[in-house]
Amino acid sequence: MNLKQMAGIEAAKYVEDGMIVGLGTGSTAKFMVDEIGRRVKEEGLSIVGVTTSKETERQAQALGIPLKGIDEVPYVDLTIDGADEISEDFQGIKGGGAALLFEKIVATYSKKCIWIVDESKLVKKLGKFPLPVEVVPYGSQQLVRLFEEKGYSPILRTTTDGETLITDGGHYIIDLHLEEIDDPIALGAYLDQLVGVVEHGLFLQIVSTVIVGGEAGPNTIHV
Ligand code: 5RP
């Protein structure tokens, strides 16, 4: 079985009747949403989903999963999402699929977060994967210049057509090519205070369970 699919199906077992479930974004999360959709249809599982992107919203709607917006629920019981990198101390980089802002909002108001990955996402230190920073379009070139001065090798993300990518929240993404992040907490705090930065892809102290798809089967790590 595809390792991402293995992790997605395993994570869907954590979903129980009556839960409000945050539905992540990306190719791994897609398998999890498919499996929850199957359980809704075949097992009569009764849940409310809160999606983290327009892409996941379309998928969940097509599968018949009942949905509510993040502002229509008191909290989220469980969010299941993918990740781009997870370090040895279970800090993460997310946003490869450009959904980091809504993903972080949904994760923040969740009682529990599960990340689902294949084993290639586990790293010693974060940073090989470019760190996405979501920014307001106005003044974004100033931020690119600032990041260049800092030696962060920034690249404004574009679509496959070469157009500047616009997120579901109407913002741009600047990817920082850092190679290695020595102090994710300090970097996150620095990015948080920059004017024009809406959110960044460092997800720190957020996850409680990681499910890793591997050749020997799914490995569940409780953080
Ligand atoms: C989207 C994300 C995704 O969860 C992350 O990019 C992992 O994606 P995939 O499962 O396709 O490798 O953060 O913003």
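Student: Which residue in E10 is the bridge partner of valine 133?

Tutor: Histidine 200 takes that place in E10. Do keep in mind that this is a predicted model.

Student: What makes E7 and E10 a strand pair?

Tutor: Two strands pair if DSSP finds at least two bridges between them. E7 and strand E10 (residues 197-200) have 3 bridges, in the antiparallel sense, so by that criterion they are a pair.

Student: What joins E7 to E9, and in which sense do they run?

Tutor: There are 5 bridges between E7 and strand E9 (residues 172-176), and the two run antiparallel. Valine 135, for instance, stands opposite tyrosine 172 in E9.

Student: Why is E7 called largely enclosed?

Tutor: A residue is buried if 20 or more other C-beta atoms lie within 10 Å of its own. In strand E7 (residues 131-135), 5 of the 5 residues are buried, so the strand is largely enclosed by the rest of the structure. Both faces are covered: Leu131, Val133 and Val135 are buried on one side, and Pro132 and Glu134 on the other.

Student: Which other element is mostly covered?

Tutor: H1 is mostly covered, with 9 of its 10 residues buried. Among them are Leu3, Met6, Ile9 and also the charged-class residues Lys4 and Glu10. The cover over the buried residues of H1 includes helix H2 (27-43), E3, E6, E12 and E13.

Student: What makes E2 and E13 the edge strands of the open sheet?

Tutor: The open sheet has 6 strands in the order E2-E1-E3-E6-E12-E13, with mixed pairing. Strand E2 (48-51) and strand E13 (217-222) each pair on one side only, and they are the edge strands. Neighbouring strands of this sheet are turned by 20° against each other on average, direction ignored.

Student: How do you know that E1 and E3 are paired, and in which direction do they run?

Tutor: The criterion asks for at least two bridges. Strand E1 (residues 20-23) and strand E3 (residues 76-81) are joined by 3 bridges and run parallel, so they qualify as a pair.

Student: How do you know that the chain agrees with a compact globule?

Tutor: With 223 residues, a compact globule would have a radius of gyration near 17 Å, and the protein chain has 17 Å, so the two agree. Along its principal axes, the C-alpha trace spans about 55 × 35 × 35 Å, and buried residues make up 47% of the chain.

Student: Which domains are assigned, and how far apart are their centres?

Tutor: The domain assignment gives domain 1 (3-123 + 204-222) and domain 2 (131-199). Their C-alpha centres lie 24 Å apart. The contact takes 12 residues from domain 1 and 13 residues from domain 2. On the domain 1 side, helix H4 (residues 100-108) gives the largest share, 4 residues. By class, that side has 7 nonpolar, 3 polar and 2 charged residues.

Conventions
Residues are numbered from 1 along each chain as its sequence is written. This is a predicted model: local features need pLDDT of at least 70, side-chain atom pairs count only at pLDDT 80 or more; totals for chains, interfaces and linings use all residues. Axes are lines fitted to C-alpha atoms, for helices over the stretch in contact, and angles run from 0 to 180 degrees between N-to-C directions. The radius of gyration is taken over C-alpha atoms; the globule rule is 2.2 Å times the number of residues to the power 0.38. A residue is buried if 20 or more other C-beta atoms lie within 10 Å of its own, exposed if 12 or fewer, and partly exposed in between; C-beta atoms are placed from the backbone. Domain bounds come from an automatic or database domain assignment. Two residues are in contact if their C-beta atoms, placed from the backbone, lie within 7 Å.
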